[in-house]
Amino acid sequence: MAEPIDSVLVVFNPGSTGDADVLAERLRVELAGARPELLVTLRPTEYAGHARDIARETAAGRGRPLIVSVSGDGGYNEVVNGIMDVPGTGAAAAVLAAGNANDHDRATARRPLVEAILDGRTERMDLLEMTLGDTPPQHAHSYIGFGLTPVVALQIEQGGKGTLREVWTTLRSFWAFTPFDIEFADGHRRRIDNLVFANIGEMAKVAELSEGSRPDDGRFEVVLLEHRPKWRQVAIAVRAALRGLGRQPATAEFRFTVCGPMPVQIDGELDDVAGGTAVRVRCAAGALAVVR
């Protein structure tokens with residue numbers, strides 16, 4: 001068991017549509033009432049990527065701070081990567097849900113965050129570590145998706161969020177989707193609709209990816225869906241939403257090369273991968289100290 005936390009830094013986007021500023025202040029007031037001796041600092045972000053800079057700066061300091069991201073999955077990803085930028089840090093992480101999907105909080109939280117902070121003890125959680133070619137690794141707390149997952153996410157981002165709009169956008173993306181080819185080390189190619197590496201068992205608010213998935217077992221689940229007719233794509237999505245996809249294969253490392261340019265989604269944030277890029281995803285077992 002790690003040493004207990006000795007301070008709390010609450011990071012939030014004041015322009016968030018999820019009332020992050022209100023939730024951050026409420027957390028500060030609740031902690032001050034229960035433990036007035038615990039130093040709690042609020043830190044609003046000022047630009048894209050600022051949460052990572054704040055987390056890196058804090059993690060590089062002394063002590064055992066808890067960095068709380070009042071955000072959705074994307075904002076929490078910035079904080080996690082900022083902490084991972086500082087090897088050997090004593091900093092821990094936590095998320096207070098204030099986004100759209102909030103997959104990580106929903107899948108991993110065991111109790112109210114205030115209760116977990118007052119308990120003070122941390123535990124270790126796995127992360128996904130992705131390396132694209134020779135670039136520095138990127139970390140994900142929940143999932144990394146190639147293929148249909150980021151395509152749908154991009155269309156939702158452009159078309160707007162909200163239940164009916166998201167459903168319509170998802171269906172439209174299914175029918176317009178073009179599969180991608182990936183190649184393995186032995187030269188074998190596979191045409192895929194979707195490839196998801198999951199550190200948690202669910203995503204997109206309702207879809208259950210893998211039964212029995214845990215973020216602290218030293219492995220991640222691989223959901224690989226080869227190309228199939230459109231009606232089967234829809235059937236799989238409905239099954240994932242209604243009763244889950246069942247138990248999926250798990251591994252500690254997965255390698256492939258993308259044959260053409262394709263999008264990738266990392267904890268809800270979108271990026272592009274150039275064709276011919278070698279991709280390595282591994283489990284960074286116990287890499288992050290968390291409160292949950």
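Does Leu127 count as buried or exposed, and at what relative accessibility? At 0% relative accessibility, Leu127 counts as buried, where buried means under 20% relative accessible area, exposed over 50% and partly exposed in between, with a 1.4 Å probe and protein chains only.

## Basis of the model

This is a predicted model, in which local features need pLDDT of at least 70, side-chain atom pairs count only at pLDDT 80 or more, and totals for chains, interfaces and linings use all residues. Residues are numbered from 1 along each chain as its sequence is written, and side-chain values use heavy atoms, with hydrogens and water left out.

## The chain as a whole

The protein chain has eight helices and 17 strands. Both kinds of element are DSSP runs numbered from the N terminus, helices being H or I with at least four residues and strands E with at least two. Of the 292 residues in the protein chain, 48% are buried.

The accessible surface of the protein chain is about 13700 Å², and carbon and sulfur atoms hold 51% of it; such areas come from the Shrake-Rupley method with a 1.4 Å probe, and for residues only the protein chains shown count as cover. Among contacts in the protein chain with a separation of 6 or more, 74% are between residues 24 or more positions apart. Contact means heavy atoms within 4.5 Å.

## Leu127 in strand S5

Leu127 belongs to strand S5. Setting aside residues up to four places away in sequence, Leu127 touches Val80, Met84, His139, Ala140, His141, Asn199, Arg282, Cys283, Ala284, Ala287 and Leu288. Between the C-alpha atoms of Leu127 and Gly218 there are 9.0 Å, although 91 residues separate the two in sequence.

Helix H2 covers residues 50-59, and its buried residues are His50, Ala51, Ile54, Ala55, Thr58 and Ala59. Viewed down the axis of H2, these buried residues fall within an arc of 165°, so they line one face of the helix. The arc is that of the directions from the helix axis to the C-beta atoms. The buried residues of H2 pack against strands S1 (7-12), S2 (39-44) and S3 (65-71), and against H3.

Pro65 is in strand S3 and counts as buried, at 6% relative accessibility. Thr58 is one of the residues that Pro65 touches, along with Asp6, Ser7, Gly90, Ala91 and Ala92, when residues up to four places away in sequence are not counted. Pro65 and Thr89 are 24 residues apart along the chain, with 9.5 Å between their C-alpha atoms.

## The second largest pocket

The second largest pocket has a volume of about 270 Å³. Its 13 lining residues include Arg52, Asn77, Asn81, Gln138 and Glu269, which are the closest to its centre. Helix H3 (73-84), strand S6 (138-140) and strand S16 (269-273) each give two or more residues to the lining. The largest share, four residues, comes from H3.

On a 1 Å grid over the protein atoms alone, a pocket is an open set of points where a 1.4 Å probe fits, with protein on both sides within 12 Å along at least five of seven lines, and lining residues have an atom within 4 Å of a point. Grid points are joined across faces, edges and corners, and the volume is the space filled by probe spheres set on the points.

## Two loop residues

Gly133 is in the loop between strand S5 (123-132) and S6. At 36% relative accessibility, Gly133 counts as partly exposed. Apart from neighbours within four places in sequence, Gly133 is in contact with Thr277 and Ala278. The C-alpha atoms of Gly133 and Val273 are 9.8 Å apart, across 140 residues of sequence.

Phe184 is in the loop between strands S8 (180-183) and S9 (189-198). Not counting residues up to four places away in sequence, Phe184 touches Arg190, Phe254, Arg255 and Phe256. Phe184 and Arg255 are 71 residues apart in sequence and 7.0 Å apart from C-alpha to C-alpha.
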